[in-house]
Amino acid sequence: MTTGPGRRARRRPGARHRDHLIGWLLVAPALAYFVIFLLYPALSALYYSFTDWNLRTEASWVGLANYADLLFDDVKYPHFWKSVSVTLQYTLIAVPLTLVAALAQALLLNAVRRGANLFRLLLFLPVVTAEAAVGAIWRWLYDPQYGLINTLLGLVGIPGQNWLNTPELVIPALAFIAAWQCGISMIIYLAGLKGIPGSIQEAAVIDGAGPWQRFWRVTFPMLRPTTFYLLVTGVIAALQVFGLVYVIFSGNGRSVTGGPEQSGLTYVLHLYLFAFRYDAMGAACAMSFILLVFIMIVTALQFRFVRQEAA
Amino acid sequence: MSRGLVRGVVVAALVSGLAACGGDDGGQGAGKELTFWMYQDRTPQAGQVMERVRQDFEKANPGVTVKIVKIPKDDYNTKLGSAVASKSAPDAGILDQPLVSKYALDGTIKEVPAGLIDEADYYKGALDTNRAGGKLYGLPQDQTTVALFYNRKLVPTPPKTWDELKQVAARVHAADANVAGMNVPKGDGYGAWMFPGIVHGAGGEMVDDAGKKVLFDQPLAVEALQLWVDLQESSPRKITDSDKPFENGLAAMTISGPWDVPTIKEQFPDLDFGVAPLPYKTEPAGNIGGEDSVVFATSKNQDLAWKWLAFLSDARNNGAVADAFGGFPVHLKAQVPAGGPEQAAFLEQLKVAHARPAVPQWIQVNDEIIAPAIESALTGKATAQQALTDAAGKTRSLLGWNG
């Protein structure tokens, strides 16, 4: 059998060039998609972030003014920092809550013998439900008069709350909905659990470890790469939360101002309002790049400081 | 029979398709397609009205096809903004009143051609919402306003003044602690939109846009906000924050517009409610809303587009069209479609309705400054005076006004 180089030398001249051509043709659709729908819009947004633009007239170059005004001018952007703080609080509550809920569900599903597929379906349903329906359902569940949540709390003697209209409760209430929608994280955790060799668990049992010890000393450390992946992607998603708050607070045709006292005015909702309601597309583009940089920093920090190897 | 029908439809489609191809640029508007953007139909009947008017217009203008594109109201401005930015705006479309001056000032829409309409035929208030810099940039299609909805079981006679309103609300709540007297508007964009109508009811004003003066920190406006604060005593939030408190019989009164009348009647047939003009302090007043229609600067069929808009708002069609849009006619001679007894209250309210300030940044002031100020007064974090003084200061800074 001839070796690679010798064989290649006998092929027709130009064949290598043709291989390249075919390669390019094969990636062309993906490349075209990338350039047209990702790269071009992103670069345009970067350009427009340095302009004053209302979508209708020609954009005028203002340099770094949008960035400076967003960060320092609280007359033009009175709720910018509020939206930053709302988003950070949401992320800090929603991400851990989602991970805990997903892991708990995955552990239960992993343990269940009969009807696992049914439970998997039920736990995954919230993910595939349309956002508008999710909003409508939860507005009803959180209703101060008829809400199921308050009814359930009442059974254990906790007084009912006006969840979506009390500024302090808005973020926990939203985070709880996010945790309810943890199905995708749950599936990934479940895959992680299935990947832990049974022999390790058996060895722990033989060594006399109880269920609690087995979880903390074997299962959880073995899931560390999964947890790290879910943490990083979860933080990125939480920092960009939009659809949920939009549907929760825009019911009955009301204009979206982000809930009582802007307590649910998340960063991307704020960005959306400036882009499409207050005619400041340039500032909105600047906001999106501030968010991009922030997400990059947070992600880098996580890679630096969070343990990601399985123990 | 049915096969014959199918064949007929196919032939008709082919013929009309050929006609559309052949008639391109055939002069006199023949073979032209006109695109018109509007909000999605509120009711199936509204869709039928628009379809009827469209067919009438096409009959009166042979060779013209009107393509009506219906977009959900929540997405409309976003889609329109994107279309304008990408130079693919329709020929004509509906435009929310406060946007007309913005679009006019940057040349996105065309001025109404001289002689298209007789301005004296239209309600002045509605027509004025189309003006910018003294020129007319659109035609109104409907006008609307908000009024007081009251539950007849709890409120036999609607209050006329602020004092009566407070008394009635207190009486209702005293009789049953689980029922709120009034669904007081909240400090959100919607509440901030309704607030000026209350301020006018005390003889106050939000701004004097000619003199560039902010007036909503003056005593009359502060009294209006204080009214809402006082009403909360008999109208706890934990009741009124529930879903549809008025419809469910948990709030005896609420403020809303004619668009809610058919919805309530359909979904809550057992609710016995009436509509009355807004209670006032010194003079009857309210605020005006509604839809205007404009022709975009990029349209290739501008004459035809204006003809279509004038057709929609003329004496013959405007009654039905305005009703389809959920409001009242803007043409003085248009027939007001016979509606329920609620209609009288809205029509009376319209006579005293004030247009919102013609300040291009008003939407932002409404959402970002006035709404939070109302909320902080309603939740007791500031007095009405403190909240409005603070908001007025912010508004002056944002708009660059000194007064």
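This is a predicted model: local features need pLDDT of at least 70, side-chain atom pairs count only at pLDDT 80 or more; totals for chains, interfaces and linings use all residues.
**Where the chains meet**

Chain A gives 34 residues to the contact, and chain B gives 35 residues. About 3,000 Å² is buried between chain A and chain B. Carbon and sulfur atoms give 48% of that area. The interface of chain A and chain B also holds 15 residue pairs in polar contact, with both residues at pLDDT 80 or more. On the side of chain A that touches chain B, two elements give two or more residues: α8 (167–180) and α14 (267–276) of chain A. The most comes from α14(A), with four residues. By class, this side of chain A has 14 nonpolar, 11 polar and nine charged residues.

**Salt bridges**

The whole structure has 24 salt bridges over all chains. Four salt bridges cross the interface of chain A and chain B.

| Pair | N to O distance |
|---|---|
| Asp367(B) and Arg277(A) | 2.5 Å |
| Lys102(B) and Asp279(A) | 2.9 Å |
| Asp217(B) and Arg396(B) | 3.0 Å |
| Asp230(B) and Lys166(B) | 3.6 Å |

Take the pair of Lys102(B) and Asp279(A), which meet in a salt bridge. Lys102(B) lies in helix α4 of chain B and Asp279(A) in the loop between α14 and α15 (281–305) of chain A, so the pair joins two chains. Are these two residues buried or exposed? Lys102(B) is buried, with a relative accessible area of 9%. Asp279(A) is buried too, at 19% relative accessibility.

Asp217(B) and Arg396(B) form a salt bridge within chain B. This pair links distant parts of the chain, 179 residues apart. Asp217(B) sits in the loop between β10 (213–214) and α8 of chain B, and Arg396(B) in helix α15 (residues 384–399) of chain B. Asp217(B) counts as buried, at 13% relative accessibility. Some salt bridges share partners: Arg56(A), Asp279(A), Lys102(B) and Asp106(B) are joined in one network.

Asp230(B) and Lys166(B) form another salt bridge. Asp230(B) lies in helix α8 (residues 219–231) and Lys166(B) in helix α6 (residues 162–175) of chain B, so the pair ties together parts that are 64 residues apart in sequence. Asp230(B) is partly exposed, at 27% relative accessible area. Lys166(B) is also partly exposed, at 31%.

**An enclosed helix**

Why is helix α4 (residues 97–105) of chain B called largely enclosed by the rest of the structure? Eight of its nine residues are buried, so the rest of the structure largely encloses it. Among the buried ones are Pro98(B), Leu99(B), Lys102(B) and Tyr103(B). Their cover includes α3 (73–85), β3 (92–96) and α14 (362–378) of chain B. Just after α4(B), Gly107(B) takes a positive phi of about 75°.

**Nonpolar cores**

The largest nonpolar core has 123 residues. Tyr90(A), Phe36(B), Trp308(B) and Leu309(B) have the most contacts inside it. Helix α4 (residues 80–111) of chain A gives the largest share of this core, 11 residues. Trp308(B) touches several residues, including Leu34(B), Phe36(B), Val53(B) and Phe57(B). Apart from that core lies another, of 55 residues, including Ala169(B) and Val179(B).

Most residues other than glycine have a negative phi. Leu55(A) has a positive phi, near 80°. Leu55(A) lies in the loop between β1 (51–52) and β2 (60–61) of chain A and counts as buried, at 9% relative accessibility. Lys244(B) also has a positive phi, of about 45°. Lys244(B) lies in the loop between α9 (237–240) and β11 (251–256) of chain B and is partly exposed, with a relative accessible area of 25%.

How values were computed. Residues are numbered from 1 along each chain as its sequence is written. Chains are lettered from A and ligands numbered from 1 in the order in which they are written. Side-chain values use heavy atoms; hydrogens and water are left out. Contact means heavy atoms within 4.5 Å. Buried area is the accessible area (1.4 Å probe) that two parts lose on being put together, summed over both. A salt bridge is a side-chain nitrogen of Lys or Arg within 4 Å of a carboxyl oxygen of Asp or Glu. A polar contact is a pair of N or O atoms within 3.5 Å; within protein, one must be able to donate a hydrogen and the other to accept it, and residues adjacent in sequence count only if both atoms are side-chain atoms. Ala, Val, Leu, Ile, Met, Phe, Trp, Tyr, Cys and Pro count as nonpolar, Asp, Glu, Lys and Arg as charged, and the others, Gly among them, as polar. Buried means under 20% relative accessible area, exposed over 50%, partly exposed in between (1.4 Å probe, protein chains only). A nonpolar core is a set of buried Ala, Val, Leu, Ile, Met, Phe, Trp, Tyr and Cys residues joined through side-chain atoms within 4.5 Å. Lists of a residue's contacts leave out its neighbours within four places in sequence.
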